[in-house]
Amino acid sequence: MSENSSTTKLVATPGQTVGPFFGYALPYEKGEQLVPLGHPRAVRLHGVVTDGAGAVVPDALLEIWQADEQGGVPTADGSLVRDGYTFTGFGRAAVDNAGHYTFTTLNPGPTEPGKAPFIALTLFGRGVTNRLFTRVYLPEDAEALASDPLLSSLPEQRRRTLIAEREADGSLRFDIRLQGEGETVFLTYPNLER
């Protein structure tokens, strides 16, 4: 061991690319159903994942975390076991061959009075060396959206990439663009080791 090696700071290397094996190992039964399909307040969160050229990405995997309808952060065990009763606030879904994903969930409430409710979303995919983090904001509370610290730090065009569209049937549409024009805003967490 050389004298320098004990004082040399090593630089972290990028994470391993996550595909295509995750399609066999990570999805689990009803992983996309945070609530059962027949739940009276179920809402569909869905969209399409595209690359920088606008082509669909057919092999991405998404995870979501969210508060419950009252804004409480779930602490129940059992995220990988869907019992039809326990809302854990976690879901995992693979996209289909057309790049489309779907979750069945609830509209999250704000975690603090006056805060904009959102769903945290993580994307894994072939060629993505580290997972990507973003947020899906609900579109209804314009005042809360305008005062949100993250959204207000972004230019208007970039801010729009984080706000879902409410469809006529109550579904939330949230398309994800990995690069290029209309690229979704992705977040970094400085203290998170990848």
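Predicted model: local features only at pLDDT ≥ 70, side-chain atom pairs only at ≥ 80, totals over all residues.
Trainee: Why is G38 called exposed?

Mentor: Its relative accessible area is 73%, and exposed means over 50%, so G38 gets that label.

Trainee: Where does G38 sit?

Mentor: In the loop between α1 (22-25) and β1 (43-50). G38 and T104 are 66 residues apart in sequence, with 9.6 Å between their C-alpha atoms.

Trainee: And P110, why does that one count as partly exposed?

Mentor: P110 has 34% relative accessibility. Buried needs under 20% and exposed needs over 50%, so P110 falls in between and counts as partly exposed.

Trainee: What makes Q70 a contact of P110?

Mentor: The cut-off is heavy atoms within 4.5 Å, and Q70 is listed as meeting it, so the pair is in contact. Setting aside neighbours within four places in sequence, P110 also touches G71, K115 and P117. P110 itself is in the loop between β4 (100-105) and β5, and its C-alpha lies 9.3 Å from that of A144, 34 residues away along the chain.

Trainee: OK, the largest pocket: how much space lies in it?

Mentor: About 310 Å³. It has 19 lining residues, and Q66, A67, V73, T111 and F118 are the closest to its centre.

Trainee: What makes V73 a lining residue?

Mentor: Lining residues have an atom within 4 Å of a pocket point, and V73 is in the lining, so it meets that cut-off. As for strands, β2 (61-66) and β5 (118-124) each supply at least two lining residues.

Trainee: How does the lining split by class?

Mentor: Into 10 nonpolar, five polar and four charged residues.

Technical notes:
Residues numbered from 1 in each chain as written. Heavy atoms only, no water. 1 Å grid on protein atoms, 1.4 Å probe; cavity = no way out; pocket = protein on both sides within 12 Å on 5 of 7 lines; lining within 4 Å. Points joined across faces, edges and corners; volume = space filled by probe spheres on them. Helix = DSSP H or I, 4+ residues; strand = E, 2+ residues; numbered from the N terminus. Nonpolar A, V, L, I, M, F, W, Y, C, P; charged D, E, K, R; others polar. Buried < 20%, exposed > 50% of the residue type's maximum accessible area, 1.4 Å probe, protein only.
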